[in-house]
Amino acid sequence: MQQTYTTRRNSGNSFARNHNTVRHTKRSLGSISQIVIVSMLTLIFGLIYVAESTKATSFDYEISKVEDEITEMNAKKDDLAVEKARLNSVATAKNSTVAAAMEDATVTGYVAD
Amino acid sequence: MSRTNYQHLVTNPAVSMPRRIRILKNIVLIALAIILVRLFFIQIVEHDAWVAKADEAHTLLETIVAKRGEIYMMDDGEPVPVVLNQTTYQIIIDPAVTDKEGIKHALETYAKDYTVVDLDEVYDTEGLRYSIVAKNVPRDMANKIAEENIGAVWFKKNNQRVYPEGEMASGLLGFVNSDGLGQYGVEGSLNGELSGKDGLLKATADVNKVALSIGKDNVKIPAEDGKNVVLSVDRGLQKGVEEIAIDAVNSSVATNASVLVMDPNTSEVLAMANLPNYNPGDYGNVKDASAYVNYVTEVPYEPASICKSFTYSAALNEGAMTADTTYFNEGYEIVDGWKIQNAEQRASIYGTISMKTALYWSLNTGSIYALKLLGGNPAAITQQGREKLYNYYYDKFRLGQATGIELFEAEGYIPDPNEGWGRDSVYANMTFGQNLGITMIQTATAFSAVINGGIYHTPTIVKGTLEDGELKTQSQVEVVEDQILSPETSASMRDMLVNNRNYKVRDGTDKYGYAVGGKSGTAQVVRNGVYDDTYAELVGSYIGFIGPEGELPKYVIMVKMWGEGQSVGSGDAMDLFDKLSNYAINYLKIQPKA
């Protein structure tokens, strides 16, 4: 706490005649200062909140973008799976050039025959 | 004293101003009052509705659609997909705005096979502002059309079921309708497992409907994807069976055929065909809805003489007869005043013949005699005989009741042995498969028990599920393994059923080294409450088994062929069975007895 030195003559006290007295007083902010400080703090916290919200939102956009990419990749994966299944289907295999060159296997021979 | 005229004061603007202000003030007050009342309504009375509107504006609420499970068949011991999912698009235009030449060129270049309208007609239709011009367009092609940047063209996303095998097994697989619900076949009966459970996303969103994490009431419940179901059906066998059956239908008067191939030792279904097939991906264009029906499980019918196998099994198992037991065959029986004749009337089989011979010639008098023996009186059908036959048909062979297979199925019916008129004649007919209604799956499962050593297994068509590429086998049916016949009864039945086809070995149809047995059935059609004796329409059936000689059978094949107004005899069905049994021997690599 700061000390404030006040020089004054105390005429009512003979013991203290011509002596400087010391009085301790509190130094407080004025009401305008308080309003300004509270406003500033509010503004700062507000800005921090907005900054954090914006940061979170930017992550949300990133997440959304990644999710879209995942959806697109899954769609491509499904397309490829369908194409693979079509290529491996019995009808496709049967009509393939490889199958056309194969011999008829309707008669299977076994040793016991 | 002159009177002062104050008239001028009334019209003096300086004096009239306060009144106008008052009026203005009143107007403002009234306006304020209106605003206050309105605010009261908005804030208090209609509070919830306005909050809901506000939420709607900035809240994203959408269903996270679960991915529908895929369906697999087996091929060389590995699951192979037969039903898959694919994202496709509908292309929509506004003919009043969309550039005709632009969209025409784009469709012809990228989506010619998917165009569903005549563009000239669309553009000639006055006042038309909305037209779906292409359906089921694959994603990459839709992307290319989008890159053309034609104005007023919209793309609507669809999740489409894809059937890479085309029409194969359509009656078994079923289809998924436009609401995403499985209909008929496996798609219908296992819709719950296949469809999974949709999730939910509720979040604060921006104007582009991008979900933001800043909301305090955000909710995300992930979707549970449907299970990938693996059927026990062998894809190659299914294809081969269908091709052979199509040939058989085309070369006969039949218009329809159903085929069931089953492992009799487990009752696992290996092939299930219903012809004619249809394209499940284009189910809406099927003209006859009966094509959707799975006749193997959903339609009870009279398999006719096939049921003699069950009557004989009952009498054998009760010790009432043996294959060599004899009776006097007159060619007919009179029961309850009805004359029941044999179809086969050749002279050589009149007189005293064995039950084995009666089965070979499929004599109705033989199976009626077995019923008499079941009742303990060779001279007449008795209550005891009827009750015993009912016990075997309904309780042991489980005919006339749902089997529990993972498909839609009908129950059918077995007549009560005591309630109703003419029980003796009803049961006499029942011994050779008339006056009852049973499905092919019931018949084949019961027949499997007859020839597999006497054990009834619950039929199944689901092998398990595919999780992360790994097959997890799990039964979805209540497994029943019930010894309903003695092994001796079963062995005797096998001998008699093989004896039925001995001539097939001699004529080269069946191969040496194999035990191929079977029984035919030709069912009359009921017209106006009685059997049509003109035989103008008949349903032909055949059931048989295949295995190495001296061993338990490996496969049971059941065939049914019919056509409305067509006389399809069991000969047609037997011819089809012959081809199928030889195909199965080759395809399934069944080795003959060494």
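**View 1. Where chain B meets chain A.** In this predicted model, the contact draws 27 residues from chain B and 23 residues from chain A. Sort the chain B residues that touch chain A by type and you get twelve nonpolar, nine polar and six charged.

**View 2. The domains of chain B, and how two of them touch.** Chain B splits into domain 1 (7-45), domain 2 (67-195) and domain 3 (234-280 + 293-587). Between the C-alpha centres of domain 2 and domain 3 of chain B there are 43 Å. Here 24 residues of domain 2 of chain B are in contact with 21 residues of domain 3 of chain B. Strand 2 (71-75), strand 3, helix 7 (170-173) and helix 8 (185-189) of chain B each bring at least two residues to the domain 2 side. That side is made up of 15 nonpolar, seven polar and two charged residues.

**View 3. Helix 10 of chain B.** Helix 10 has 16 residues and runs 23 Å from its first C-alpha to its last, close to the 22 Å expected at 1.5 Å a residue. Its buried residues include Arg235(B), Lys239(B) and Glu242(B), along with Leu237(B), Val241(B) and Val249(B).

**View 4. A five-stranded open sheet in chain B.** Follow the strands across in the order 13-12-26-25-22 (chain B); the pairing is antiparallel. Strand 13 (268-275) and strand 22 of chain B sit at the edges, each pairing on one side only. From one strand to the next, the twist averages 10 degrees. Zoom in on strands 12 and 13 of chain B and you'll find antiparallel pairing over seven bridges. Look for Val259(B) there: its bridge partner in strand 13 of chain B is Ala273(B).

**View 5. Helix 20 of chain B and what covers it.** Helix 20 (residues 570-587) of chain B has 18 residues and reaches 25 Å from first C-alpha to last, close to the 26 Å expected at 1.5 Å a residue. Among its buried residues are Met574(B), Leu576(B), Phe577(B), Leu580(B) and Ile585(B), as well as Asp572(B) and Asp578(B). What covers the buried residues of helix 20 includes helix 10 (235-250), helix 19 (502-506), and strands 12 (256-263), 22 (514-524), 25 (538-548) and 26 (555-562) of chain B. Just past the end of helix 20, Lys589(B) adopts a positive phi of about 55 degrees.

Terms used: Residues numbered from 1 in each chain as written. Chains lettered and ligands numbered in written order. Predicted model: local features only at pLDDT ≥ 70, side-chain atom pairs only at ≥ 80, totals over all residues. Helix = DSSP H or I, 4+ residues; strand = E, 2+ residues; numbered from the N terminus. Expected span 1.5 Å × (residues − 1). Buried ≥ 20, exposed ≤ 12 C-beta atoms within 10 Å, placed from the backbone. Contact = placed C-beta atoms within 7 Å. Nonpolar A, V, L, I, M, F, W, Y, C, P; charged D, E, K, R; others polar. Domains from an automatic or database assignment. Pairing = 2+ DSSP bridges. Axes fitted to C-alpha atoms, helices over the stretch in contact; angles between N-to-C directions.
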